[in-house]
Amino acid sequence: MAKNNKEEAGEKTRKRPVWLLMVLVVVGLVLIVWGSDVTVDAAKAIAKAAGLSERFIGLTIVALGTSLPELFTSVSAAIKGKADIAIGNIVGSNVFNILFVVGTTALITPVVFFPGFIIDTLIAAAAGILLWLCVFKDGKLKRTGGVVMLLGYAAYFVYLMM
């Protein structure tokens, strides 16, 4: 719809002054930067206090914390019958994170790819393939596929704990 420059009929948008929107964007960006700094510091402290590796904390707590906005957006979109937004949100976010975020980080400082991340990378690729397999036949991710994906995450979490 965005490509065709179409708006959905019946959707109403609230008009707000541009200056207010700009202020809200700046405030949101400041809060995101501050929140990410607090999240990283807290995750490192939790890892040290619990005797866990920073990799484990990054792949679980930090990943959950940074994905909560996507989860709420996707669930809200699904409830409103906009499941395509839910899938697009997750797939787009992951592509953005892998290509843009890691690429930008590498411009600032070299990013060390530890051998332990090979398995995690393969699991991420397998998750993408699993999503594709679940939607291949009907073009829909149904409850069965959702259950399979949740069980896959549970298995991955167990793997991380070992």
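A residue counts as buried when its relative accessible area is under 20%, and as exposed when that area is over 50%. Keep both cut-offs in mind for this tour of a predicted model.

**Stop 1: helix α5**

Select residues 143-161. This is helix α5, with 19 residues. From its first C-alpha to its last, α5 reaches 27 Å, close to the 27 Å expected at 1.5 Å a residue.

Now colour G145, Y156 and L160. These are the buried residues of α5. Turn the view until you look down the axis of α5. The buried residues fall within an arc of 65°, so they line one face of the helix. An α-helix has 3.6 residues a turn, so residues three or four places apart point the same way.

Which residues are exposed on the other side of α5? Select R143, T144, L150, L151 and M161 to see them.

What covers the buried residues of α5? The cover includes α2 (54-79) and α4 (117-136).

**Stop 2: α4 against α5**

Show α4 together with α5. Their axes come within 10 Å and cross at roughly 170°. That angle is over 145 degrees, which makes α4 roughly antiparallel to α5.

Next, show the side chains where the two helices meet. From α4, pick I119, D120, I123, A127, L130, L131 and C134. From α5, pick G145, V148, M149, Y156, Y159 and L160. How do the residues of this contact divide? There are 11 nonpolar, one polar and one charged.

**Stop 3: S74 in α2**

Move to helix α2 and find S74. Is S74 buried or exposed? Its relative accessibility is 11%, so S74 counts as buried. Leaving aside residues up to four places away in sequence, S74 touches A86, N89 and I90.

**Stop 4: helix α1**

Select residues 18-50. This is helix α1, with 33 residues. At 1.5 Å a residue, α1 should span 48 Å. Its end C-alpha atoms are 47 Å apart, which agrees.

Click on G51, which follows α1. The phi of G51 is positive, near 70°.

Step back into α1 and select D41. D41 is partly exposed, with a relative accessible area of 46%.

Key. Residues are numbered from 1 along each chain as its sequence is written. This is a predicted model: local features need pLDDT of at least 70, side-chain atom pairs count only at pLDDT 80 or more; totals for chains, interfaces and linings use all residues. Side-chain values use heavy atoms; hydrogens and water are left out. Helices (H or I, at least four residues) and strands (E, at least two) are DSSP runs, numbered from the N terminus. The expected span of a helix is 1.5 Å times one less than its number of residues. Buried means under 20% relative accessible area, exposed over 50%, partly exposed in between (1.4 Å probe, protein chains only). The arc is that of the directions from the helix axis to the C-beta atoms. Contact means heavy atoms within 4.5 Å. Axes are lines fitted to C-alpha atoms, for helices over the stretch in contact, and angles run from 0 to 180 degrees between N-to-C directions. Angles under 35 degrees count as roughly parallel, over 145 as roughly antiparallel, 65 to 115 as roughly perpendicular and the rest as oblique. Ala, Val, Leu, Ile, Met, Phe, Trp, Tyr, Cys and Pro count as nonpolar, Asp, Glu, Lys and Arg as charged, and the others, Gly among them, as polar.
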